[in-house]
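Biologist: I have some questions about how the labels on this model were assigned. Could we go through them together?

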Amino acid sequence: YKNPHYAPGRTTMVHLFEWKWDDIAAECERWLGPRGFGGIQISPPNENLIIWSHNRPWWERYQPMSYQLTTRSGNEQQFASMVRRCNDAGVRIYVDAIINHMTGTWNENVGTGGNTANFGQFNYPGVPFGRNDFNWPECYIEPSDYGCCPERVRNCQLSGLKDLNQGTEYVRQMIVTFMNRLIDMGVAGFRIDAAKHMWPGDLRIIYDRLHNLNTAHGFPSGARPYIYQEVIDLGGEAVSRDEYTPLAAVTEFKFGMELSRAFQGGNQLRWLANWGPQWNLLASADSLVFIDNHDNQRGHGAGGNILTYKQARPYKGAIAFMLAHPYGEPQLMSSFGFQNTEAGPPMDSSGNLISPSINSDNTCGNGWICEHRWRQIYQMVAFRNVAGNTNINDWWDNGSNQIAFCRGGQGFIAFNNDSWDLNQNLQTCLPAGRYCDVISGSKSGNSCTGKTVTVGNDGRALISVGANDYDMMLAIHRGPES
Ligand code: AAO
């Protein structure tokens with residue numbers, strides 16, 4: 001369950017938060033496939049409660065009404081067509097699976113597929129689920145429970161969301177049927193939402209009943225779905241990430257927290273020389289990594305001071321480090337713009353999602369940020385693909401916030417987060433020649449729209465990153481784009 005089964009030569013997934021299925025299919029064909037992206041985490045595809053009382057917040061999608069595939073993102077036909085078109089473009093689909101709970105109790109009770117529920121009776125006819133399918137007695141997770149009481153974290157309600165009992169055969173069957181339907185339609189894996197709030201033993205039974213990936217969508221025979229479990233573990237809690245790594249991969253929240261700190265100047269970049277398990281991060285193969293996710297970019301979930309698109313310069317630096325460094329399976333966030341933490345995605349007055357528009361410079365409009373279309377980000381995806389499974393070598397630092405390293409003979413990157421210029425003759429490990437920096441520009445015919453780096457016969461080159469440059473890093477690599 002720890003292999004994402006990307007198409008050959010691809011390495012990176014992007015969370016297209018709240019995108020519509022038709023738009024994702026188009027994005028696979030026009031952008032993600034050609035640019036070498038490996039996969040997409042999509043928003044939950046199953047029916048959720050419509051919550052007008054909060055003006056259709058993004059978080060209504062974490063309140064399941066049924067496992068029918070109808071949401072604001074599209075219906076089942078559109079979902080199937082997206083998976084087909086993306087797989088044909090070489091881009092995999094990973095589903096955000098909300099299997100810990102159903103909705104909370106609300107005055108509104110109509111779902112995006114038209115199903116209703118009787119919350120007082122714990123009755124969800126769209127599945128169907130009834131009282132016996134939930135944990136009893138009813139209780140609510142208190143902040144203090146995280147420190148003491150694993151059974152309360154697993155058997156009580158998270159934010160008042162009705163807590164399914166995965167210990168029962170019927171609940172397992174409903175969940176497995178839902179997930180297998182998605183696998184048969186061609187998805188490559190799942191994010192397991194709120195995995196911390198389910199018993200590892202129950203999850204293991206569910207995972208082991210999942211089908212192999214669909215060979216008619218290009219997966220090798222016998223391939224198991226990629227599973228990454230959302231377990232927030234910043235240390236000091238009764239439930240640990242180590243209970244989940246024997247099952248499948250786990251989201252490593254310390255990763256984005258530490259890199260956000262470093263790239264905001266709270267820690268010197270030179271300390272990143274031993275980035276990885278020595279920083280008390282999970283083993284690389286167990287780890288799904290990101291700078292920000294849809295929760296912590298808006299103050300939900302865990303971790304403060306997380307870098308997001310709103311602090312673009314240090315954010316791009318942290319993302320570049322993530323993609324240049326071999327540790328973990330990286331995931332990019334692709335956001336809609338927001339001012340307050342509840343606000344839903346761009347929508348019209350009926351609540352229909354508004355598609356992103358695409359500007360002539362490849363960026364998005366209509367309220368969508370599309371970080372995955374920022375040059376400094378998508379060109380680092382290409383860097384990571386070229387770097388492949390090489391290790392880090394020729395680490396250099398100035399004893400402070402200027403660092404540089406090579407990835408085998410494939411790529412070289414330098415960062416300057418000091419307040420003075422970086423001008424150094426450094427080992428790039430690349431064959432002699434002229435390279436285009438993929439951060440300040442791109443290759444255009446025989447010249448570079450940004451900086452040019454000339455590598456000598458000894459592999460060394462003069463590397464310049466000014467303290468006031470638009471971006472704090474410079475990257476060159478083998479292959480046609482640099
Ligand atoms: C909404 C409303 C609620 C209402 C509820 C029910 O906002 O007012 O009661 O509906 O009707 C999302 C939103 C929720 C929303 C929910 C359903 O974030 O606001 O509730 O949809 O619509 C915990 C879980 C983690 C979870 C995270 C948000 O462990 O699994 O809370 N994330 C996922 C999704 C998320 C979604 C859900 C789960 C539910 O990614 O989008 O919720 O499907 C500690 C614990 C963490 C815990 C946090 C927050 O973290 O370790 O496990 O996360 O607390 O409670 C420091 C500590 C750190 C600590 C943190 C916060 O950083 O180091 O450990 O402080 O205290």
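Biologist: What makes C436 count as buried or exposed?

Modeller: Happy to start there! Buried means under 20% relative accessible area, exposed over 50%, and partly exposed in between, with a 1.4 Å probe and protein chains only. C436 has 3% relative accessibility, so C436 counts as buried. Do keep in mind that this is a predicted model, where local features need pLDDT of at least 70, side-chain atom pairs count only at pLDDT 80 or more, and totals for chains, interfaces and linings use all residues. Residues are numbered from 1 along each chain as its sequence is written, and side-chain values use heavy atoms, leaving out hydrogens and water.

Biologist: How do you know that C436 and C448 form a disulfide?

Modeller: A disulfide is a pair of cysteine sulfur atoms within 2.5 Å. The sulfur atoms of C436 and C448 are 2.1 Å apart, and the two form a disulfide. This pair links distant parts of the chain, with C436 in strand β15 and C448 in strand β17, 12 residues apart. Strands here are DSSP runs of E with at least two residues, and helices are runs of H or I with at least four, numbered from the N terminus.

Biologist: Which labels do C148 and C149 get?

Modeller: C148 has 45% relative accessibility, so C148 counts as partly exposed. C149, at 16%, counts as buried. Their sulfur atoms lie 2.1 Å apart, and the two form a disulfide.

Biologist: Why is the disulfide of C364 and C370 called left-handed?

Modeller: The torsion about its S-S bond is about -85°, so the disulfide is left-handed. Its sulfur atoms are 2.0 Å apart, and both C364 and C370 are buried. By the sulfur rule, the count comes to six disulfides.

Biologist: Why does one side of β11 and of β20 lack a neighbour in the sheet?

Modeller: Two strands pair if DSSP finds at least two bridges between them. The open sheet has four strands in the order β11-β12-β13-β20, with antiparallel pairing. β11 (392–397) and β20 (473–477) stand at the edges, each with a single partner strand, so one side of each is left without a neighbour in the sheet. Between β11 and β12 there are four bridges, in the antiparallel sense.

Biologist: Which residues touch the most other members of the largest nonpolar core?

Modeller: A nonpolar core is a set of buried Ala, Val, Leu, Ile, Met, Phe, Trp, Tyr and Cys residues joined through side-chain atoms within 4.5 Å. The largest has 129 residues, and I24, I40, F79, I192 and F263 touch the most other members.
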